[in-house]
Amino acid sequence: MMNITRILCPVDLSPDSDKALRYAAAIARAYKAKLFVCYCAEELVGVIPVYQPEAREEIKKVVQRAIGLEAVETMDLDWESIILEGDSPAEAITLEAGTRGIDLIVMCSRRRPLRAALLGSTTESVYRTAPCPVLVLHPDQREWATAGESNTVALKRVLVAHDFSDYSELALRQALSLAQEYQAELHLLHVLDAPVLGGPEIAWIPSSTEGAYHKAARALQKAVPVEAYLWCEVKQAVRWGKPYREILNYAEEQEIDLICMGSQGTGFGMRTLFGSNVDRVIRQSPCPAFVARPLRPTHAPLSMLSNHEPLFLLKEKYNESL
């Protein structure tokens, strides 16, 4: 079982944040974790202490709207509001996550036009640099978690995009934990580059492509611990083509509930003009995506943390203690 004790959910106080809050609350209750709901007031840099009471009241209203007023008052949810400031929300979020020893960040990202996608987003900046795994959602995706009095996490099919890198191995371990916890099917997918017919003959003759396919299939089978077959159904698949496209197609065909990927890897970390394979999958995914990252908490003592102080004061205190 994944060790999730502290969850961070950034919100922008709009209805777009509601889905992330529902998932974060459902996961927090399932793992008996503490939920931190944070709002980054980039437009209030330097004057944030004056507006903290009003901002905290707005956060409370967002939580009540997303989860349900009656549910918030009756459910056993341990949560706390955080007000951050900074010119870069992504930097403020990642710093706060590391300082507080967060185990999982849950964020909602909007579908954006291609021109905007080229510039990136706060969510993308966070999952590239976060000190912990990040669960990315879109408002229009397939849902498997509900918060409230019922509070259900109904994961049925988990897909791991595996390229045999260290980061994809981390994604596999975390996906195995989720699959075991919720008795879900575990799907492993590896994508091979399509043979280039215009290249050297050895690159596309049948025996060469067949050998690559079977080698990848055997490697996928070895990647899953033998004991995993005792408590979940495991399915492996090897496909030819562009990684992001085949991952998205497979997720649609198999009605996948959650795609797990490493934040870096062979092929996945190679960026082009239009972003990496991870970026493309997350932007177009029909279901939530889990970006696996190793835990890297900062060394600021938790005793220095205060829910009533802005982030710049925390930084000053931490720097003075060094």
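The predicted model contains an open sheet of ten strands with mixed pairing, in the order β3-β2-β1-β4-β5-β12-β11-β8-β9-β10, where strands are DSSP runs of E of at least two residues and helices are runs of H or I of at least four residues, both numbered from the N terminus, and where two strands pair if DSSP finds at least two bridges between them. The edges of the sheet are formed by β3 (79–84) and β10 (234–240), each of which has a single partner strand, so one side of each is left without a neighbour in the sheet. From one strand to the next the twist averages 20 degrees, with angles running from 0 to 180 degrees between N-to-C directions and axes being lines fitted to C-alpha atoms, for helices over the stretch in contact. Within this arrangement, β11 and β12 (residues 289–292) run parallel and are joined by four bridges, and F290 in β12 is the bridge partner of C260. Helix α11 (residues 277–284) packs on the sheet, where it touches β5 (134–137), β11 and β12, and its direction makes about 165 degrees with that of β11; contact here means heavy atoms within 4.5 Å.

On the α4 side the contact is made by P89, A90, I93 and T94, and on the α6 side by T122, S125, V126 and T129. These residues divide into four nonpolar, four polar and no charged, with Ala, Val, Leu, Ile, Met, Phe, Trp, Tyr, Cys and Pro counted as nonpolar, Asp, Glu, Lys and Arg as charged, and the others, Gly among them, as polar.

Positive phi values in residues other than glycine were found in two loops. K32, in the loop between α1 (18–31) and β2 (34–40), has a phi near 55 degrees and counts as exposed at 74% relative accessibility. E255, in the loop between α10 (243–253) and β11 (258–262), likewise has a phi near 55 degrees, but counts as partly exposed at 45% relative accessibility; buried means under 20% relative accessible area, exposed over 50% and partly exposed in between, with a 1.4 Å probe and protein chains only.

Residues are numbered from 1 along each chain as its sequence is written, and side-chain values use heavy atoms, with hydrogens and water left out. As the model is predicted, local features need pLDDT of at least 70 and side-chain atom pairs count only at pLDDT 80 or more, whereas totals for chains, interfaces and linings use all residues.
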